[in-house]
Amino acid sequence: MAKRGVGMRGRTLVAVVLGAFVLVALSIVWRRTVGIGESDRLAQLEAKRAGLEGERVRLESEIRDASTRQTLGATVERKLGMHIPTDKQVVILPRTSR
Amino acid sequence: MKAPTRVAVVHAFFVLFALALVARAAKVQVVEGNQWVARGKRQHFFASALSAPRGEILDASGNTLVESREMTRVALALPEVRDTAFILRALQRARLDASAVHAAIARRRRWIDLPGLYTASDVASISKLNGVHLTPVLQRVYGNSGGIKRIVGSLDGRGNALDGLELALDSLLRGDSGRVRLARDNNGRPLESPDGWTDEPRPGSTVVLTINNTLQDICERELSIAVDSLKAEGGDIVVMNPHTGEILALASNRVGRTTFGNTAVTEPFEPGSTLKPFIAASLLEHQRARPTDVVSTHNGKLELDGRVITDMHKASALSLADVIRFSSNIGIVQFGQRLTPREKYETFRDLGFGMPLGVPLPAEAAGTLHEPRQWSRQTSASILMGYEIAVTPLQLVTAYSAIANGGELLEPHLVKEVRALNGDVTYRAQTRAVRRVMSGEVARTIQQMLLAVVQQGTATRADLATFEVAGKSGTARRTSTNAGYTAGNYTASFVGLFPGNDPQYVVLVKLDNPKGAHYAGGEIAAPVTQIVLRAALAARDAALDREGLAASERSTIAQAPDHAPAKSAAAAGARFVRARGDATDPVDRASYDPSDNLRPPSPDEGTASYLVDLPASPRPGVVAPIALTPRAIPDVRGMSIREAVRALHSAGFRVRIVTASSSGTLPAAGAMAAPGSLVQLTRPLE
């Protein structure tokens with residue numbers, strides 16, 4: 001009976017070790033899968049950030065282009081009747097010391 | 001001996017097999033372990049270059065002129081593509097140019113680089129497809145106009161600098177690229193991995209230019225309008241701070257031909273009469289003449305060395321000051337005979353003509369200045385009139401800066417600062433005098449002569465009402481290919497010093513081959529200078545010292561209402577040829593008096609008659625016209641200066657502040673005056 005009990009403990013131990021091995025292997029696979037997924041998502045977000053950053057640069061450049069005198073000058077003269085003031089119309093106030 | 005049982009044989013076989021496996025495993029793991037590990041890493045990991053962000057280029061006020069953005073280049077590996085038709089449909093859905101793919105398939109190519117660069121969002125839908133390879137690429141974004149691009153240059157599709165500052169300062173802007181080790185997934189796509197490493201790239205430095213973006217914008221617009229309206233072949237405008245050598249604006253325009261680099265630096269021209277002040281300076285410096293010395297100018301026609309020299313302003317005699325004022329060719333040739341050829345040559349050589357100035361722009365031209373031993377019989381006279389010598393616009397402005405700053409030729413510079421990533425300034429331009437080319441006294445005398453040119457000479461159209469402008473106009477004949485000097489081909493130029501009594505700008509306006517009745521520098525280049533100066537005065541930030549300007553304002557106050565007819569913007573071109581109230585050549589030759597050339601201008605002369613005042617081009621229904629009926633001047637007694645100015649401005653008056661023993665306004669409070677009139681606000685002495 002005692003001999004039988006020793007045998008049972010040995011098989012149980014092997015089963016436990018094997019089970020633990022499977023669990024560890026599964027956790028490693030799971031961790032890698034999650035890691036790869038996260039990495040993929042990170043790469044997508046990084047690409048999105050770069051794309052948005054590029055878009056920001058493009059829009060800022062377009063705003064700068066649209067605000068130049070070359071672009072705006074003719075329009076504001078034609079539609080709004082604006083003009084370059086003469087130097088007599090420009091008043092320079094001297095700084096007063098208080 | 002008992003024969004082994006069948007079971008024992010089988011056991012032995014398994015034991016041997018197990019031993020063989022262990023031995024093989026030991027060999028692979030222990031003996032060849034490192035080799036296999038390396039092979040595995042090669043398969044699973046790869047190193048990729050990380051391009052360094054290229055440095056920004058800013059203007060002097062910190063506005064971005066050039067920056068980089070990340071774009072994506074798309075490539076297809078056809079052997080990896082399972083369904084070509086599917087890929088083509090996906091490319092079309094993503095609005096990518098698939099025509100190159102069709103062509104490459106027809107030619108059985110294995111790798112296709114799609115033309116163009118795309119944003120990450122453009123290519124997001126195709127990024128996971130087999131055979132699609134995306135590579136991040138940094139693209140340069142050039143803001144503003146094409147003029148800035150002629151200064152900063154450009155990059156090719158691979159990010160290599162081609163010209164301009166991008167090329168000259170490539171080592172600073174480029175930075176150092178880095179490397180990253182990434183894992184590969186089962187499809188060969190890159191994958192971030194904890195086992196990877198990154199050698200971070202070092203971004204390029206930020207370069208701050210001396211260019212003032214506002215002034216550059218003003219110059220480009222006015223140059224563009226002038227070139228269009230005058231049907232010129234092109235033109236250049238250069239603005240420099242004469243006290244530091246900083247190039248504030250560098251605009252160039254060429255019609256119908258592609259130019260490389262900035263023509264203000266790369267294309268020399270024969271400057272014509274704009275060189276005369278330097279001969280006058282040399283005469284004064286060598287004590288060969290005084291401003292009041294008079295020579296015969298032969299009533300505008302002189303035969304010399306087998307050719308006829310003529311003057312537009314025909315006079316029997318002119319002083320040196322008036323030779324400059326009326327741009328007399330005969331006069332300068334007569335005076336110039338007092339200098340030896342070597343002295344003439346050295347005058348121009350010392351001003352930096354005939355050699356590059358060293359600004360960081362590729363292909364800077366040296367110009368042409370021959371040594372006296374190479375001169376022909378006529379060169380000695382030609383060079384005095386600005387022929388047989390070629391200078392770049394930048395060289396000419398640099399030389400005039402010496403007149404403006406009291407006689408020192410400064411090294412011009414275009415780069416103000418270079419900043420590292422952390423903001424530390426690694427380079428800051430210093431004002432550097434190359435040499436003294438004339439004494440301060442001579443420089444001041446020449447400035448006075450140049451003031452007379454604008455006030456009463458050939459360039460009255462550059463004049464402003466409230467500030468003095470000094471300058472010199474030039475009109476030089478141009479050569480045509482294989483035809484020499486041809487009739488009707490001119491270079492019109494004007495170099496202005498603003499304000500004339502304490503210059504903050506030296507402005508050169510040059511127009512190539514204008515078509516039409518007006519072609520003289522004083523007639524067409526001077527008005528462009530005037531408009532540039534007016535626009536700069538009205539701009540918020542145009543590199544002007546307002547305190548200094550306030551001190552330089554003319555003390556005269558216009559008494560007459562300033563309501564010249566409103567200018568139509570549509571007739572912008574006409575302003576370059578519109579005649580002023582007085583003639584271009586206002587001197588009565590019969591009453592010529594050599595001593596009157598330097599007399600101070602009368603108040604009437606100081607105020608121009610070509611003003612545009614509010615309201616300009618009012619359009620019914622768009623801008624409410626301002627009532628021009630007289631209104632009462634408000635009472636500002638007891639108010640602070642600021643409040644008083646605000647009250648007067650609100651009432652529609654312009655204000656001039658003066659200091660006197662009593663306070664008040666002139667006209668007095670309650671007096672009726674037209675809106676827009678100038679009211680003198682007196683501030684009591686402290």
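Which residue is the bridge partner of B:Arg656 in strand 29 of chain B? Figure 1 takes up the answer. First, some notes for all the views: this is a predicted model, in which local features need pLDDT of at least 70, side-chain atom pairs count only at pLDDT 80 or more, and totals for chains, interfaces and linings use all residues. Residues are numbered from 1 along each chain as its sequence is written, while chains are lettered from A and ligands numbered from 1 in the order in which they are written.

**Figure 1. An open sheet of three strands in chain B, in the order 26-29-27.** The partner of B:Arg656 is B:Gln680, in strand 29 of chain B. Strands here are DSSP runs of E with at least two residues, helices are runs of H or I with at least four, and both are numbered from the N terminus. Two strands pair if DSSP finds at least two bridges between them. The pairing in this sheet is mixed, and its edge strands are strand 26 (654-660) and strand 27 (664-666) of chain B, each pairing on one side only. From one strand to the next, the twist averages 30°; angles run from 0 to 180 degrees between N-to-C directions, and axes are lines fitted to C-alpha atoms, for helices over the stretch in contact. Seven bridges join strand 26 of chain B to strand 29 (residues 678-684) of chain B in the parallel sense. Have a look at helix 21 (residues 641-650) of chain B too: this helix lies across strand 26 and strand 29 of chain B, at about 170° to strand 29 of chain B.

**Figure 2. An open, antiparallel sheet of five strands in chain B, in the order 13-12-24-23-22.** Strand 13 (247-254) and strand 22 of chain B stand at the edges with a single partner strand each, so one side of each has no neighbour in the sheet. The twist averages 10° from one strand to the next. Inside this view, strand 12 (residues 234-240) and strand 24 (residues 505-512) of chain B run antiparallel and are joined by seven bridges. Here B:Met240 stands opposite B:Val506 of strand 24 of chain B. Helix 16 (residues 393-404) of chain B lies across strand 12, strand 23 (484-498) and strand 24 of chain B, at about 145° to strand 24 of chain B. Helix 18 of chain B also packs on the sheet, where it touches strand 12, strand 22, strand 23 and strand 24 of chain B. The direction of helix 18 of chain B makes about 35° with that of strand 23 of chain B.

**Figure 3. B:Ala470, a residue of strand 22 (residues 470-480) of chain B.** B:Ala470 counts as buried because 29 C-beta neighbours lie inside 10 Å. The cut-offs are 20 or more other C-beta atoms within 10 Å for buried, 12 or fewer for exposed, and anything in between for partly exposed, with C-beta atoms placed from the backbone. B:Leu451 is 19 residues away in sequence, yet its C-alpha is 4.0 Å from that of B:Ala470. Not counting residues up to four places away in sequence, B:Ala470 touches B:Gln447, B:Leu450, B:Leu451, B:Val454, B:Leu497 and B:Gly500; two residues are in contact if their C-beta atoms, placed from the backbone, lie within 7 Å.

**Figure 4. B:Glu67 in strand 3 (residues 64-77) of chain B.** B:Glu67 counts as buried because it has 21 C-beta neighbours inside 10 Å. Leaving aside neighbours within four places in sequence, B:Glu67 is in contact with B:Glu56 and B:Val141, and with A:Val57 of chain A. B:Arg54 is 13 residues away in sequence and 7.6 Å away in space, C-alpha to C-alpha.

**Figure 5. The side of chain B that touches chain A.** In this view, 53 residues of chain B are in contact with 39 residues of chain A. Elements that each supply at least two residues of this side of chain B include strand 3, helix 5 (120-123), strand 5 (132-142), helix 9 (213-230) and helix 21. By class, the residues of this side are 28 nonpolar, eight polar and 17 charged. Ala, Val, Leu, Ile, Met, Phe, Trp, Tyr, Cys and Pro count as nonpolar, Asp, Glu, Lys and Arg as charged, and the others, Gly among them, as polar.
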